[in-house]
Amino acid sequence: MAKLAYIGLGVMGFPMAGHLAAKGGHEVTVYNRTASRAKNWVARFGGRSADSPAAAAEGADIVFCCVGDDPDLREVTLGGNGAFESMARGSIFVDHTTASANIARELADRAGSRGIDFLDAPVSGGQSGAENGTLTVMAGGQPQAFDRAKSAIANYARAVTLMGPSGAGQLTKMVNQICVATVVQGLAEGIDFGLKAGLDMDLVLDVITKGAATSWQMENRGKTMVKNEFDFGFAVDWMRKDLRICGETAAETGADLTVTKMIDGFYAQIQDMGGGRWDTSSLIRRLRK
Ligand SMILES: NC(=O)c1ccc[n+]([C@@H]2O[C@H](COP(=O)([O-])OP(=O)(O)OC[C@H]3O[C@@H](n4cnc5c(N)ncnc54)[C@H](OP(=O)(O)O)[C@@H]3O)[C@@H](O)[C@H]2O)c1
């Protein structure tokens with residue numbers, strides 16, 4: 001049993017921290033900016049809550065985190081009462097936020113200068129993956145730190161892989177997001193086309209998920225897109241943040257993201273329709289309005 005801390009009990013962090021306590025049997029201290037969520041977490045999973053990232057991280061062997069974007073991550077690590085302030089030498093910070101590779105490298109340096117290991121470890125698998133403990137985790141950082149953190153991460157993951165040095169986890173997640181956004185747009189156009197042609201789209205999806213067009217998105221979101229249901233966790237606001245990070249990275253590396261950028265503009269239209277917290281399959285709404 002290890003002493004663990006978890007910072008950020010949102011859609012993802014709440015169940016992930018829960019698995020550490022319930023399945024892993026670890027002693028977990030949580031911090032959440034909105035204290036009521038931390039209180040709910042303790043009521044459900046035991047452990048205790050702290051009133052700052054630094055207080056939660058004090059004495060922890062591993063500190064986990066899942067917040068929103070680069071500035072949030074900076075705040076909970078380096079800000080006043082940030083976790084790095086109190087973490088002991090030899091402890092590990094595992095960040096599950098989807099953030100930039102640049103901040104991952106910067107925080108790995110800043111942590112390293114204090115004798116702390118930092119792993120960027122973004123996840124894929126969504127709210128259901130977090131709740132069911134079946135996430136895919138793609139990590140960047142030092143192999144020794146990864147080996148020490150892996151078994152704790154495995155409490156909520158079905159695959160945990162070290163992709164390379166600091167930043168490699170975030171870069172892998174960017175590839176993931178580029179592929180997701182482009183697949184969802186293709187699916188939206190296909191479903192809208194079929195509906196406008198008068199096809200029974202449930203039947204169409206039953207048939208074509210067995211062929212070459214199939215995808216996780218088609219299998220898990222196709223029929224709910226037909227039914228106009230967009231309440232599945234991964235918010236459009238987050239996807240826009242992720243695609244912004246992909247665009248910034250492409251500008252540095254010279255990669256061509258022509259189609260991805262177009263789809264990012266479509267997601268901006270969904271935000272304008274009030275859909276910032278709808279899930280990402282809501283791209284079809286701009287075709288069916
Ligand atoms: N949802 C998904 O399906 C999914 C899938 C893969 C990856 N992700 C990524 O995982 C991360 C979290 O997503 P989520 O869906 O769990 O988001 P969420 O439900 O909005 O939760 C965000 C969490 O971060 C905390 N937070 C945000 N800014 C903060 C700050 N400046 N200081 C302290 N705490 C802060 C929030 O605290 P409050 O409670 O006070 O707001 C909340 O606990 C994002 O980077 C997202 O892109 C999400």
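Among contacts in the protein chain (heavy atoms within 4.5 Å) between residues at least 6 apart in sequence, 68% join residues at least 24 apart. The model is a predicted one, in which local features need pLDDT of at least 70 and side-chain atom pairs count only at pLDDT 80 or more, whereas totals for chains, interfaces and linings use all residues. Residues are numbered from 1 along each chain as its sequence is written, and side-chain values use heavy atoms, with hydrogens and water left out.

**Whole chain**

The C-alpha trace spans about 65 × 45 × 35 Å along its principal axes. Why does the radius of gyration agree with a compact globule? With 289 residues, such a globule would have a value near 19 Å, and the protein chain has 20 Å; the radius is taken over C-alpha atoms, and the globule rule is 2.2 Å times the number of residues to the power 0.38.

The accessible surface of the protein chain comes to about 13000 Å², 51% of it belonging to carbon and sulfur atoms; the areas come from the Shrake-Rupley method with a 1.4 Å probe, and for residues only the protein chains shown count as cover. Of the 289 residues, 49% are buried, where buried means under 20% relative accessible area, exposed over 50%, and partly exposed in between (1.4 Å probe, protein chains only).

**Helix H13**

Select residues 258-272, which form helix H13. This helix has 15 residues and reaches 22 Å from its first C-alpha to its last, close to the 21 Å expected at 1.5 Å a residue; the expected span is 1.5 Å times one less than the number of residues. Show the side chains of Thr260, Ile263, Asp264, Phe266, Tyr267, Ala268 and Ile270, which are buried in H13. Against which helices do the buried residues of H13 pack? They pack against H9 (168-196), H12 (236-253) and H14 (285-288). H13 is followed by Gly274, whose phi is positive, near 90°.

**Gln177 in helix H9**

Move to Gln177, placed in helix H9. At 3% relative accessibility, Gln177 counts as buried. Leaving aside neighbours within four places in sequence, Gln177 is in contact with Phe234, Met239, Asp242 and Leu243.

**Two asparagines with positive phi**

Most residues other than glycine have a negative phi. Select Asn81 in the loop between helix H4 (70-78) and helix H5 (83-86); its phi is positive, about 60°, although Asn81 is not a glycine. Asn81 is partly exposed, with a relative accessible area of 44%. Then select Asn228, found in the loop between helix H11 (216-226) and H12. Phi of Asn228 is near 65°, a positive value, and Asn228 is partly exposed at a relative accessible area of 41%.

**Ala50**

The last stop is Ala50, in the loop between strand E3 (48-49) and helix H3 (53-57). Is Ala50 buried or exposed? Ala50 is buried, with a relative accessible area of 12%. Beyond its neighbours within four places in sequence, Ala50 is in contact with Thr29, Val30, Tyr31, Ala55 and Ala56. For a distance check, pick the C-alpha atoms of Ala50 and Leu73: they are separated by 18 Å, with the two residues 23 apart along the chain.

Notes:
Helix = DSSP H or I, 4+ residues; strand = E, 2+ residues; numbered from the N terminus.
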